[in-house]
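Please give a brisk report on this chain.

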Amino acid sequence: LHYINPNGLNEYLMAIWSVGMVVQDYDTDKMFPVLGFGAQIPPNWQVSHEFPINFNPNNPFCAGVQGIVDTYRKCLPQIRLYGPTNFSPIINHVAKFAATAAQQPTASVSSAKTLQERCSKTALLENACARRGKGDSAS
């Protein structure tokens with residue numbers, strides 16, 4: 001799935017392009033925070049389920065959809081993919097982001113609160129499934 005074909009797009013890049021081309025029009029500055037998950041990251045190869053793909057935690061933003069694609073292509077050879085994937089850290093990150101956005105004077109409070117609630121419910125479900133999976137593995 002992550003194979004980078006120098007002459008084309010893999011499934012992840014196709015998804016990034018497809019979704020990105022739609023959502024970019026709802027962002028005025030076209031600067032997108034992009035996080036990776038499920039990888040061992042340099043320099044100490046710790047497993048991370050939430051890391052900026054540009055490896056800059058203070059500024060995880062990519063400029064436009066092309067910036068996301070370029071950064072993904074640079075990131076992939078520098079990491080070691082790791083599973084199983086744990087989505088909870090990313091979901092919790094987005095929920096916190098939504099909570100912060102809801103405090104902004106120009107925010108759509110109802111949309112931000114709805115996003116936060118959905119993220120929280122999804123993270124709880126993800127955590128419950130992960131715990132259940134660990135318990136089931138012994139049987």
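What follows is a short tour of a predicted model, from the overall layout down to single residues.

**Layout**

The chain holds four helices and seven strands. Along the sequence, their order is α-β-β-β-β-β-β-α-β-α-α. Of the 139 residues, 27% are buried. Among contacts with a separation of 6 or more, 59% join residues 24 or more positions apart.

**Packing of α1 and α2**

Helix α1 covers residues 11-23 and helix α2 covers residues 64-75. Their axes lie 9 Å apart, at an angle of about 160 degrees. An angle over 145 degrees counts as roughly antiparallel, so α1 is roughly antiparallel to α2. The crossing of the two helices is right-handed. On the α1 side, the contact uses Tyr12, Leu13, Ile16, Trp17, Gly20 and Met21. On the α2 side, the contact uses Val65, Gln66, Ile68, Val69, Tyr72 and Arg73. By class, this contact has nine nonpolar, two polar and one charged residues.

**An aromatic pair**

The whole structure contains two aromatic pairs. A pair of aromatic rings is described by the distance of the centres and the angle of the planes. One of the pairs joins Phe51 and Phe55. Their ring centres are 6.4 Å apart, with 10 degrees between the planes. Planes under 30 degrees apart count as stacked, so the pair of Phe51 and Phe55 is stacked. Phe55 sits in the loop between β5 (51-52) and β6 (61-63).

**Accessibility of selected residues**

How accessible are Phe51, Phe55, Ser48 and Trp45? The table gives their values.

| Residue | Relative accessible area | Class |
|---|---|---|
| Phe51 | 3% | buried |
| Ser48 | 11% | buried |
| Trp45 | 28% | partly exposed |
| Phe55 | 30% | partly exposed |

The cut-off for buried is under 20%. Ser48 has 11% relative accessibility, so Ser48 counts as buried. Phe55 has 30%, so Phe55 is partly exposed.

**Around β4**

Ser48 belongs to strand β4, residues 46-48. Leaving out residues up to four places away in sequence, Ser48 touches Phe37, Gly38, Ala39 and Ile41.

Trp45 lies in the loop between β3 (39-41) and β4. Which residues does Trp45 contact, leaving aside neighbours within four places in sequence? They are Gln40, Gln78, Ile79 and Arg80. Trp45 and Arg80 are 35 residues apart in sequence. In space, their C-alpha atoms are 7.9 Å apart.

**Backbone exceptions**

Most residues other than glycine have a negative phi, and most peptide bonds are trans. Several places in this chain depart from that pattern.

Trp45 is not a glycine, yet has a positive phi of about 60 degrees. Phe55 also has a positive phi, near 60 degrees, and is a residue other than glycine. Phe55 is thus a residue with two entries here: a partner in a stacked pair and a positive phi.

Where are the cis peptide bonds? One joins Pro42 and Pro43, with omega about 5 degrees. Pro43 is in the loop between β3 and β4, and Trp45 is in the loop between β3 and β4 too. Another cis peptide bond joins Gly83 and Pro84, with omega about 5 degrees. Pro84 lies in the loop between β7 (80-81) and α3 (88-102).

Conventions
Residues numbered from 1 in each chain as written. Predicted model: local features only at pLDDT ≥ 70, side-chain atom pairs only at ≥ 80, totals over all residues. Heavy atoms only, no water. Axes fitted to C-alpha atoms, helices over the stretch in contact; angles between N-to-C directions. Parallel < 35°, antiparallel > 145°, perpendicular 65-115°, else oblique. Left-handed = near helix turned anticlockwise from the far one by under 90°. Contact = heavy atoms within 4.5 Å. Nonpolar A, V, L, I, M, F, W, Y, C, P; charged D, E, K, R; others polar. Phe/Tyr/Trp six-rings, centres within 6.5 Å; stacked < 30°, edge-to-face > 60°. Buried < 20%, exposed > 50% of the residue type's maximum accessible area, 1.4 Å probe, protein only.
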